[in-house]
Amino acid sequence: LAQLFRPLDMLGMVFREIKQGLIDMEAMFGLIDTNAEISDAPGAPDLIVSGAHVRFSHVDFSYEPRRQILHDVSFDVAPGKKLAIVGHSGAGKSTISRILYRFYDISGGAVTIDGQDIRAVTQDSLRRAIGIVPQDTVLFNDTIGYNIAYGRPDASQAEIEAAAQGAQIDSFIKAMPDGYNTMVGERGLKLSGGEKQRVAIARTILKDPPILILDEATSALDSATEAEIQTALAGVAQSRTTLVIAHRLSTITDADEIIVMGAGRILERGTHADLLAQDGVYAEMWALQQAEAEAETRAAAE
Ligand code: ATP
């Protein structure tokens, strides 16, 4: 009888794995449900990445037919360049990253990578080309080593450690009695927001994607952690085409282009210097954040 049930047990295990994977994806994108309507076109070829040039051309999008979310959004991120997306809560910043990952199809315009429409290539190849560092990373109830290697189960211990070094989390891991075998997650060591984000960065370093989406955490981290994370992110973004969803403008002053979103439209665009000179929405957000930072520094000194 036990033999009869073993395949069922196996099936249960596989199901749990798949479910965990989906939970991770959903958490990454803040999705409640995954979208079953997205499927590969018959005989769709794989995406072929040459330089990783990302282009949104006149993109319109709605989650529900009666409420349009994105209106005529166009931008170009040339190979290896960095685009920052800023704007108030609900402006449509995360929606752009979900569309690039093709969690949803658009209702107007086109999204291309190196000239290939993302609807015309396999989802598998598209998602292999894109790495995401989400705001909040879900960890599996397993070792920290497993959590870093997740998505690249063939990675060697040396590769895992190199990725952890790049993510500035290697010394933290090595300081623990069980090192890379330390259990984490709900039933193990609970990691802080900053530590979890560094695990996500290490995962991305191992995945080595040509395109990167960084979703900056809204919650403030202490300044030492913030500095370490910024160093790790700068390392991983180097020479990759990068889209950053930013909340703190001080982290994106070096972006090649910044787009300022408001109610699903691009309100302003340019470099940090261009936008300050425009003296519009961005300049106002910048002044506000500078004043907040100064007030914090004063409060800390008192
Ligand atoms: P935040 O800075 O708060 O993360 P955001 O700029 O990333 O905000 P989005 O998450 O892109 O904003 O949301 C844009 C709009 O789309 C919001 O008005 C939101 O209510 C709506 N929206 C987001 N996800 C869904 C969904 N799954 N179904 C329906 N509407 C959604």
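I began at the hairpin that joins S1 to S2 through 2 residues. Helices (H or I, at least four residues) and strands (E, at least two) are taken here as DSSP runs, numbered from the N terminus. The model is a predicted one: local features need pLDDT of at least 70, side-chain atom pairs count only at pLDDT 80 or more, and totals for chains, interfaces and linings use all residues. Residues are numbered from 1 along each chain as its sequence is written.

**Entry 1**

I then looked up the bridges of S1. S1 and S2 run antiparallel and are joined by 7 bridges; within this pair, Val-59 has Val-73 of S2 as its bridge partner. On the S4 side, 5 bridges join S1 to strand S4 (residues 108-113), again antiparallel. Asp-60 has Gly-108 of S4 as its bridge partner, and Ser-57 stands opposite Ala-110 in S4.

Axes are lines fitted to C-alpha atoms, for helices over the stretch in contact, and angles run from 0 to 180 degrees between N-to-C directions.

**Entry 2. The shell around the ligand**

I listed the residues around the ligand as Tyr-63, Glu-64, Ile-69, Gly-87, Ser-89, Gly-90, Ala-91, Gly-92, Lys-93, Ser-94 and Thr-95. H2 gives the most, with 3 residues.

By class, I noted 3 nonpolar, 6 polar and 2 charged residues in the shell. Here Ala, Val, Leu, Ile, Met, Phe, Trp, Tyr, Cys and Pro count as nonpolar, Asp, Glu, Lys and Arg as charged, and the others, Gly among them, as polar.

**Entry 3. The sheet of 6 strands**

I turned to the open sheet of 6 strands, with the order S6-S9-S10-S3-S11-S12 and mixed pairing. S6 and strand S12 (265-270) stand at its edges with a single partner strand each, so one side of each has no neighbour in the sheet. The twist averages 20° from one strand to the next.

S6 and strand S9 (residues 211-215) run parallel and are joined by 4 bridges, with Gly-131 opposite Leu-212 in S9. Strand S3 (residues 82-87) and S11 also run parallel, through 5 bridges, and Ile-85 stands opposite Ile-259 in S11. S11 and S12, by contrast, run antiparallel, with 5 bridges between them.

In S12, Arg-265 is the bridge partner of Gly-262. The hairpin of S11 and S12 has 2 residues between the strands, and in it Ala-263 takes a positive phi near 45°. Helix H10 (residues 281-301) lies across strand S11 (257-262) and S12, at about 95° to S11.

**Entry 4. Val-133**

I looked up Val-133, which lies in strand S6 (residues 130-133). Is Val-133 buried or exposed? Val-133 is buried, with 27 other C-beta atoms within 10 Å. A residue is buried if 20 or more other C-beta atoms lie within 10 Å of its own, exposed if 12 or fewer, and partly exposed in between; C-beta atoms are placed from the backbone.

Leaving aside neighbours within four places in sequence, I found Val-133 in contact with Gln-197, Ala-200, Ile-201, Thr-204, Leu-214 and Asp-215. Contact requires the C-beta atoms of two residues, placed from the backbone, to lie within 7 Å.

**Entry 5. Helix H5**

I noted Ile-160, Ala-163 and Ala-164 as buried in helix H5 (residues 157-166). Seen down the axis of H5, the buried residues fall within an arc of 100°, so they line one face of the helix; the arc is that of the directions from the helix axis to the C-beta atoms. They pack against helix H4 (144-149), helix H6 (170-174) and helix H7 (193-207). Just after H5, Gln-168 takes a positive phi of about 60°.

Terms used. A residue is near a molecule or strand if its C-beta atom, placed from the backbone, lies within 6 Å of it. Two strands pair if DSSP finds at least two bridges between them.
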